[in-house]
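Dear colleague,

Please find below the structure that I am handing over to you.

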Amino acid sequence: MKTVGRASPSNKAGAETISTPLKIAVVCHPTYGGSGVVASELALSLGDRGHEVHLFAHDVPPRLARSSGPVEMHVAQGVPYPLFSSPPHDLAITSRILDVHRTVGFDILHAHYAIPHAVSAYLAREAAHGYENSSPPKLVTTLHGTDITLVGNDPSYAALTEHVLLASDKVTTVSKDLAKRTRRNFQVLSTPCSIDVIPNFVDLGFFTPPKSAQPIGDWCQSGPVAVHVSNFRAVKQVPWLVRAFAKAIENQPATLLLVGDGPEQPECRRITTELGIEQHVRFLGVRNALPQLLGPADVYCSSSAEESFGLSALEAMACGTPVVSTRVGGVPEVIEDGVSGYLTEPGDLDAYALALSDLLFNKAHCQEMGQSARREAVKRFDRSVITAQYEDMYKRVLQGQ
Ligand code: GMT
């Protein structure tokens with residue numbers, strides 16, 4: 001067996017208990033998207049609880065950048081070379097994990113989003129088998145949604161995705177629905193116990209209801225405000241949301257705040273002009289001040305064709321803002337219809353507009369559901385409770401369960 005020097009004798013993988021701090025490598029996309037947010041927030045939570053946490057990505061994730069928390073960030077971009085169409089940063093990440101592992105001795109490699117991160121981490125774990133004086137780390141893969149439903153399921157990646165899922169020491173999903181879809185898409189994972197469901201969480205101190213009623217900004221015209229945050233990919237159906245909003249307000253004063261940017265933003269702008277509602281729709285682009293936008297808003301809108309969880313909707317709930325959403329994927333596991341908001345069938349524009357109109361213009365309903373939304377977020381999605389579920393899962397994985 002190949003041996004490589006500088007292995008750390010401190011890696012006691014297999015014998016660790018959670019009372020001993022673990023050495024954890026987290027790998028994620030450095031984007032505003034949910035998987036990068038969850039991975040960064042989890043890394044910070046684990047660091048706060050005394051674990052040694054290293055985060056690997058091809059850039060610094062925004063949620064980590066805004067924090068002073070105890071996580072070591074490793075940016076691995078790879079180098080451009082005329083033979084590459086783009087630098088293979090996924091291989092650079094593997095190489096960087098191995099470099100750090102030689103001195104740190106990771107217990108756990110935790111990959112978020114199957115492609116390419118589970119593959120990068122899998123390669124690192126396989127290579128680490130050859131290191132002297134340390135057990136190879138365990139591989140945990142957390143699936144977030146489109147890594148299984150769109151990307152990993154595509155024939156160009158399916159075989160490799162299936163391989164790394166099977167080779168993982170543990171696969172987790174962020175909702176029961178995603179676990180079901182994963183088993184359906186990848187038949188080999190059909191054993192009910194082979195996937196753990198660990199839901200996403202929210203920082204209830206950061207995402208919190210505003211202390212007093214405050215306007216979002218002078219630039220919102222009078223009337224209630226609906227807000228949507230996303231990366232404007234087709235799966236988010238934001239152009240459809242703009243049409244539903246126009247129908248919901250029927251020229252009454254109200255504003256739709258669209259936060260974020262992405263491929264379908266130009267189409268949303270075009271539809272806004274086509275419908276003559278320019279005065280009612282504001283495009284803010286990418287913003288970090290989410291609690292300041294989500295908290296004072298009256299309603300959060302989600303219109304996705306597919307959504308494994310709906311993290312932005314949960315962040316809005318934590319701010320005391322009720323949600324109108326399409327009933328897709330894992331969304332019903334987060335939003336209870338008629339309690340913390342309304343769920344309508346995908347494609348039913350009339351029903352969505354009616355639900356949105358109710359929360360925009362019926363103040364009593366809006367307040368009541370906003371309070372329930374915060375209560376649900378506190379009861380079911382508290383950051384420390386969910387982080388403890390990840391710790392417990394690591395412990396079981398290290399004990400070979
Ligand atoms: O799968 C994606 O679309 C990407 C991913 C991301 O990085 O934005 O979003 C998914 O992961 C989030 C965090 O777990 C979930 O809250 C989102 O519901 C999920 N998106 C979809 O399923 C479309």
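The model is predicted, so to speak of local features a pLDDT of at least 70 is needed and side-chain atom pairs count only at pLDDT 80 or more, while totals for chains, interfaces and linings use all residues. Residues are numbered from 1 along each chain as its sequence is written, and side-chain values use heavy atoms, with hydrogens and water left out.

Helix packing

Helices (H or I, at least four residues) and strands (E, at least two) are DSSP runs numbered from the N terminus. Axes are lines fitted to C-alpha atoms, for helices over the stretch in contact, and angles run from 0 to 180 degrees between N-to-C directions.

Helix α3 (residues 89–104) packs against helix α4 (residues 114–128) at an angle of about 40°, and their axes are 9 Å apart. This angle makes α3 oblique to α4 (under 35 degrees counts as roughly parallel, over 145 as roughly antiparallel, 65 to 115 as roughly perpendicular and the rest as oblique).

Among the residues in contact are Ile 115 and Tyr 122 of α4 and Leu 160 and Val 164 of α6. By class, the contact has eight nonpolar, two polar and one charged residues.

The axes of helix α8 (residues 238–249) and helix α9 (residues 265–274) come within 9 Å and cross at roughly 20°. The two helices are therefore roughly parallel to each other, with a right-handed crossing. The residues of this contact comprise five nonpolar, one polar and four charged.

Cavity

The whole structure was searched, and one cavity of 30 Å³ or more was found. A cavity is a set of points on a 1 Å grid over the protein atoms alone where a 1.4 Å probe fits but cannot get out, and lining residues have an atom within 4 Å of a point. Grid points are joined across faces, edges and corners, and a volume is the space filled by probe spheres set on the points. The largest cavity holds about 60 Å³. Its lining includes Val 37, Arg 63, Phe 201 and Glu 315. Helix α1 gives the largest share of the lining, three residues. By class, the lining has six nonpolar, no polar and four charged residues.

Backbone

Most residues other than glycine have a negative phi, and most peptide bonds are trans. A cis peptide bond, with omega about 0°, joins Ile 115 and Pro 116, and Pro 116 lies in helix α4. Phe 232 has a positive phi, near 50°, and is found in the loop between β8 (225–229) and α8.

With kind regards

Definitions and conventions
1 Å grid on protein atoms, 1.4 Å probe; cavity = no way out; pocket = protein on both sides within 12 Å on 5 of 7 lines; lining within 4 Å. Nonpolar A, V, L, I, M, F, W, Y, C, P; charged D, E, K, R; others polar. Left-handed = near helix turned anticlockwise from the far one by under 90°. Contact = heavy atoms within 4.5 Å.
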